[in-house]
Each structure stands twice: as C-alpha cells, then as structure tokens.
Amino acid sequence: MIDALMQVLQPSVFMYMIIGVILGVFIGALPGLTATMGVAILVPLTFWLQPQEGLAMLIAIYCSSIFAGGIPAILINAPGTPASMATAWDGYELNKKGQTGLALGINAIYSALGGLVSTIFLLVAAFPISRVALSFGPPEYFALAIFGLSMMISVSGKSIAKGMIMGFIGLFIATIGLDPILSYPRFTFDNPNLLDGISFIPIMIGLFGLGEVLSQILESNKKEKVKKIKVGRIIPNKQERKQMRKPFWFSSALSTIIGAIPGAGGDIASLISWEQSKRFSKKKKEFGKGSLEGLAASSTANNAVIGGAFTTMLTLGLPGDSVTAILIGALMMYGMQPGPVLFTDHVDFVYVIIILLFIANLIVLFVGLAGANLFSRIMLVKREFIWVAVILFSIVGAYALNNSYFDVWVMVVSGIIGVILRKLDFPLGPLILALILGPMAESNLRRSLSMSLDGTAAYFFSRPITVTLLSLAILSLVFPVIKNVIKKYKTKNS
C-alpha cells in the first residue's frame, strides 16, 4: 500500500488525472460520445506514459464521463451516456421546476459517493464478488435480462398497455441483424448496414436528444424571451439528504454487484436501481416527476458500477463492461495480465488502481460541485443556440459511434418518431430498455436451451440464481397488478 501511494502521489500522475477528468467531462456531456469511445480513442496515446500515469488518465476519463453524462440529461433531457438515461427522468423534471442547481449537485455528489462506495467494496470484497460473477452462465444472464425487462411496467408512465407496446417494438428492433447463434441475416433486406443490427445509441440520441429539440421547436412561442433562471442552492439540505439516504445505499450495493457481472454496465444498473428504489419508496408517484430519491438512485448507480466492473477485471481477467475490456488491453500492453496472477506478481499495482479510483471520484466530486453554476449557465443561452448545438452534437455523436452515415440517418428517423410518440403520449423508456436487454435475453435463452439435455425450460429451474432472478421478475410484474386490484377493491368498499 505504501509503495502504491508513493507511485500515485506524484505531480505527473495528478496532472494526467486532471487532464483525464476534463476530457471525460467533455466526452460525457456530449450526447453519444460514450466513455467507451473516449477511453478507446485515448488508450494508444497513453502507451508512452508510465503505467500509473496512463491508468490515471484512463480511469479519470472513465469516472468523469459517466458522471458528466447526467449534465445534459438534467439540462436538456438528452442523456450524454447510456448510463444517464434514468437520470433524465427525474433530473430534467427538477430542472423544469427551477431546481437546476440542486439536480446538478445531487448528480455530482451521489455519482462520486457511489464510485467511492464501490471502490471500498472492491478493496474489501473483491474475491467473494468475483466468485459470484464467475458462476454466471447463459441461464443466469437470461434471467437477469428478464428481470430487467420486467421493469417495462414501471417505466410505462400512465398507460401500461402503451409501455408494453413500446417494449415489444424495441424487442423486434433488437432482432434485426445476424442471428446470434446461426449468424443468419434477419430483417436486413439485403442492406449491409443492418447486418450488425441497429445500435441503440443512435436511437437513444434521436429519441431523447433530437426528438426533444424538435418537440420544443414545435411547441415554442416565438415571442417568448429568454429569462434568467435562478440556479439556487447546489448542496441538498439535511432533510433531503435523509430522504436520499436509503436509495443511495441500496443503489450502491446493487450496482456494485451488477457491475461485477461481466457485460452488465451502468445503463442496466441505473435502470434496475431506479426501478427498485421506486418499488421500495413511500413516494412512488414522485418518481419520473422530479423525485430526489429517483435522481439519487440513478446518479449513484452510474458510478457505483465501476468498482464492481474493476473487481471482475482485476481478479478474473474478465471485462465487467466495455470500458474495462479496453483497460484489460491497456494493462497487457504495460506487461500485466489481469487475473489471479496480477495479485501475486503485481499486487502493488492493484493498490495503485484502487487508489486512483478513490482520487478520481474525489476530483469528480470537486469538479461537479465547483462547475455546477457554470454548467447551469447553459440555461441562460437562447434556446435557439442550444437547439443548434444539441442537433450538431447529436449528429457528431451518432456518426462517431461507427463512423457511419447510416447511424446518422437512424438518429434522424428516431428523432422524428420521438416527436410523434411524445404527441401520442407513448413512453420512450420501455423501447430503449428492450433494445438494451433484448439481445442479451435472446442469445442466452438459446444458449441455455442448447445446453439443456432435453431442450426444455426445466433446465432453468435447476440453477438457484436463475430461479431467484426469474422469481423476482415475476413478482415485479405481478405485484403492481395485485396492488391495483386491492386498491380498487378498497375504494369500491369505502
């Protein structure tokens, strides 16, 4: 630990970490420019640095870009990263209520605290978590996806029927491309651009970014003048902190565990944490309408995933998410093989990484609070300028994903459809949720059935983790229905 501190407490390491935080905030605040993209682009530039310097920059980009994705989600309802989608549901509503500073402050504070708690979890319980993650096979991944899809009811808004329709549309879109088992083209219509499927990121940018801008343009009053909005306080008071305490600790623990599962990233963690926090909250009706609990849960989940993802990466050599997959390559370029050998041959560097995660989250906290007023100044700019900027960034973000004009057209079409869906009061959350979890559910269902001796679903009930997750999914779907029936019965008899 002392050797690790000596390596980290160098001016050059701090300099590269600050550079990484600045770059990460820039990347995260631009809709479509994900943490994965930022780290992937900058990894080659860090090979000439010392390992602790290069990792300091990459870890800082990772932590700050995930946090910064919540800034445009709060200010303009356009999530900067997929993990910030749930942040927009309550953060943007708080912004519209004139609590812009508070929303930005909560995003900064709880993102940083979630990252710190998950890092402590990494330090204390790396091996137990990695053993749980190692036991996950196709049946468990399928059950996890079904558990996530059961949230469609919770994000359906006023109409469960409309939410389910949107969810099934998302599942259909997720089937476009090559069959995950046989690699047979499905619904591609001989278009090579569809062979890899339709990425949900351009769709997300279109629905939540371009769609929001187009809706505002159509509903805007030309005579309306730009009014100065009072940012207000940034730090939540004692009563608000007490209200957010339970969702914070719950999201921290849940998201750390989800992060330790290979392939499950911040987008899944934030959605599950938001939904489960709503389920256990006494103020369920406030979720999605400017709930402090909902914003705290989603903000915490974004960065709490990172510690769990690093746990799986360091102890097993398996990527917890797409960013840690890139970091595995970076460590190998530095001559270190992630996995059990890393804890014997380079145990000092394991502590270096843990300390870097601590410091990166502390810097995120400082930058987030110090820059909240600066970020919120965007609201003082004429809406026309914001609209043009969002449209440009949406185009750049959609194109930069695969350097493909096809993704730009997907984004544009999604934006137009997003306007129509808003007019018809169809919820957008279930569609994105299905796009994210649909491929995971399909591929792991088919792998599980191929592993089964008789090819039946009985195989799922022979695995305890799968049974637990599927039971939770069923309860998630059935409980709201039963609750409504009981409520109607009491109302009728009262």
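Trainee: What makes H10 largely enclosed by the rest of the structure?

Mentor: In this predicted model, where local features need pLDDT of at least 70 and side-chain atom pairs count only at pLDDT 80 or more, totals for chains, interfaces and linings use all residues. Buried means under 20% relative accessible area, exposed over 50% and partly exposed in between, with a 1.4 Å probe and protein chains only; 16 of the 20 residues of H10 are buried, so the helix is largely enclosed. Residues are numbered from 1 along each chain as its sequence is written, and side-chain values use heavy atoms, with hydrogens and water left out.

Trainee: How do you know that the span of helix H10 (residues 200-219) agrees with its number of residues?

Mentor: The expected span is 1.5 Å times one less than the number of residues, so the 20 residues of H10 should span 28 Å, and the end C-alpha atoms are 27 Å apart, which agrees. H10 also has a kink of about 35°, centred on Gly211, the bend being the angle between axes fitted to the seven residues ending there and the seven starting there.

Trainee: Why are H8 and H20 called roughly antiparallel?

Mentor: Helix H8 (residues 138-149) and helix H20 (residues 429-451) pack at an angle of about 150°, with their axes 8 Å apart. Angles under 35 degrees count as roughly parallel, over 145 as roughly antiparallel, 65 to 115 as roughly perpendicular and the rest as oblique, and H8 and H20 are therefore roughly antiparallel.

Trainee: Why is Phe189 called exposed?

Mentor: Phe189, in the loop between E2 and H10, has a relative accessible area of 72% and is therefore exposed.

Definitions and conventions:
Helices (H or I, at least four residues) and strands (E, at least two) are DSSP runs, numbered from the N terminus. Axes are lines fitted to C-alpha atoms, for helices over the stretch in contact, and angles run from 0 to 180 degrees between N-to-C directions.
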